[in-house]
Amino acid sequence: MRVLGIETSCDETGIAIFDSEKGLLADALHSQVDLHKTYGGVVPELASRDHVRRIIPLIEKALADAGCAGKDLDGVAYTAGPGLVGALLVGTSVGRSLAYGWDIPAVAVHHMEAHLLAPMLEEESPSFPFLALLVSGGHTQLMQVNAAGDYLLLGESLDDAAGEAFDKTAKLLGLGYPGGAAMSELSKKGNSGRFKFPRPMTNRPGLDFSFSGLKTHALTTVRDNDDDEQTRADIARAFVEAVVDTLLIKCKRAMQETGITTLIAAGGVSANIQLRAGLKKMVTEQGGRVYFPRPEFCTDNGAMIAYAGYLRLKAGQKEPLAFAAHPRWPLAKPA
Amino acid sequence: MKLLAIDTATEACSAALYIDGNILEKYEVAPRQHAGLILPMVDALLAEAETELASLDGLAFGRGPGAFTGVRMATGIIQGLAFASDLPVVPISTLAAMAQGAADQSNTILSAIDARMGEIYWAIFSVGEDGLVTPLSDEQVSKPDTLSIELKSECFGVGTGWGSYENKLSSYAGTKLKGFDANRFPRASDILTLAINEFKQGNGVHAKDALPVYLRNKVTG
Ligand SMILES: Nc1ncnc2c1ncn2[C@@H]1O[C@H](COP(=O)(O)OP(=O)(O)OP(=O)(O)O)[C@@H](O)[C@H]1O
Ligand SMILES: [Mg+2]
């Protein structure tokens with residue numbers, strides 16, 4: 001089965017073609033990071049306007065890269081939510097009408113499901129059941145994945161997402177937007193132990209998170225100290241260690257509580273090397289295994305949509321001609 | 001010639017099919033329901049005419065101005081249909097489509113869509129010998145009391161702008177105003193009337209160049 005995937009939920013236009021026999025045939029991406037940088041965050045209307053300009057040229061490119069035409073496809077998958085409604089409507093309307101025009105099935109994909117299935121695009125991929133740590137710009141969730149489509153929400157952030165905390169703290173340190181990766185770089189030059197940030201909600205039971213306090217802590221630390229390069233690096237170091245530690249504690253707890261030893265991490269923050277190293281160490285100590293998507297599939301991309309769409313199509317899911325975007329769309333039932 | 005047109009730019013949602021001189025249309029005023037309506041409308045029209053997308057000669061759509069999301073939805077749908085079936089596209093102004101719908105009312109039409117934020121999208125059209133409208137002014141977004149074009153002849157008004165700003169627009173038109181219809185939205189059948197002519201002149205573009213016209217371009221705070 002060969003599926004075209006379309007991702008337009010936020011500030012990336014991603015188009016890919018996945019073939020169930022041959023794997024990924026094409027993966028085209030346009031990131032709008034430069035467009036939004038000057039505003040310090042994504043401007044929804046600008047994002048939508050850019051998607052509608054980029055989407056057809058990217059689809060053309062993906063088809064050319066894959067050396068195939070519409071008649072060689074068996075389905076069109078598009079992100080229907082969650083995300084920015086205007087941006088989602090570009091991908092859903094193009095995706096649904098393409099499928100209609102090609103006379104093949106269309107399938108609406110949940111963006112976070114696609115993120116958490118992204119590790120399955122790798123050669124070494126996990127088998128069900130596994131635990132999933134979803135850490136992105138908009139989400140921080142711990143999920144029990146029993147099978148594709150069978151998700152149990154074990155815990156989530158009660159306020160800021162991990163990526164959001166990264167971005168806000170990066171802004172405080174003058175690192176620009178989005179600053180997650182720059183924070184990670186800067187922290188490498190920092191000294192461990194000069195500053196100690198809290199590990200929110202780790203000393204009480206449960207698997208929920210809270211990251212907004214870390215940003216406040218960073219703010220007061222910045223205010224109370226000299227503004228020099230080393231201090232900034234030391235603050236970055238303390239912040240990254242606190243986020244990683246907190247995530248590790250909750251992941252370990254989830255493994256112990258569920259008895260599931262396979263873990264995956266996905267979403268933009270899972271590209272973070274400190275988090276990856278920490279998870280590898282912890283999970284190995286627990287006698288389990290951890291899987292990640294390749295770094296470019298941690299952030300938004302079309303490949304994960306094509307793959308998730310393939311699984312949904314295989315399971316018989318199909319969209320009617322009446323399509324919809326779901327800006328808020330819970331993935332898992334609460335545990 | 002066989003053409004399909006759609007529009008989702010305003011509160012109205014419509015699709016229309018032109019087949020060798022006849023126009024079939026589906027039209028509904030249904031705010032925020034366009035995603036659920038538009039492709040079923042297209043499908044029903046093609047079925048009624050016992051034809052299919054691949055045997056059409058071209059596509060047209062209301063390319064704005066209008067609600068940003070609505071304009072983009074029509075654009076996205078048309079891009080997808082055009083790319084899949086390799087058909088040329090004619091983007092048609094929603095203001096022109098509204099004027100075309102009222103072309104039997106006067107020789108001059110002032111189209112105005114409520115653009116929110118105290119502004120209207122507007123343009124003035126004249127009705128030619130052939131019955132088709134052509135623009136007498138640029139399309140603009142502005143406050144309804146700052147229209148800068150002088151009306152030279154009797155005029156008829158169309159669009160939601162006339163409902164929201166009846167007083168301001170009426171006093172602008174003064175004694176030249178023959179009447180107005182504030183309940184007229186852009187509709188696909190009027191888009192078709194204008195698109196037929198464009199296709200005859202070979203003016204279709206590729207799917208990737210079928211793009212919206214927003215008029216309001218300051219969208220950041
Ligand atoms: N190396 C890194 N270290 C830490 N954070 C990172 C790194 N790389 C990217 N990020 C963060 O990942 C986030 C972007 O991830 P992603 O694209 O998955 O989120 P999103 O699509 O905006 O949100 P969502 O998927 O929840 O809707 C940003 O907050 C960014 O700063
Ligand atoms: Mg994402």
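Leu59(B) sits in strand 4 of chain B, a strand made of residues 58-62. The model is predicted. Is Leu59(B) buried or exposed? Leu59(B) counts as buried because 27 C-beta neighbours lie inside 10 Å, and the cut-off for burial is 20 or more. Some of its surroundings come from elsewhere in the sequence. Lys178(B) is another matter: 119 residues along the chain from Leu59(B), its C-alpha atom is separated from that of Leu59(B) by 34 Å.

Strand 2 (residues 12-19) and strand 3 (residues 22-29) run antiparallel. They are joined by 8 bridges. Ala15(B) has Lys26(B) in strand 3 as its bridge partner. The hairpin leaves 2 residues between the strands. In this hairpin, Asp20(B) takes a positive phi near 45°.

Now turn to chain A. Helix 5 covers residues 162-172 and is mostly covered, with 9 of its 11 residues buried. Which residues of helix 5 are buried? They are Ala162(A), Gly163(A), Glu164(A), Ala165(A), Phe166(A), Asp167(A), Lys168(A), Thr169(A) and Ala170(A). What do these buried residues pack against? Their partners in chain A include two strands, strand 6 (130-135) and strand 7 (140-147). Helix 6 (180-188), helix 7 (212-224) and helix 8 (229-258) of chain A pack against them too. After helix 5 comes Gly174(A), with a positive phi near 70°.

Note on methods. Residues numbered from 1 in each chain as written. Chains lettered and ligands numbered in written order. Predicted model: local features only at pLDDT ≥ 70, side-chain atom pairs only at ≥ 80, totals over all residues. Pairing = 2+ DSSP bridges. Helix = DSSP H or I, 4+ residues; strand = E, 2+ residues; numbered from the N terminus. Buried ≥ 20, exposed ≤ 12 C-beta atoms within 10 Å, placed from the backbone. Contact = placed C-beta atoms within 7 Å.
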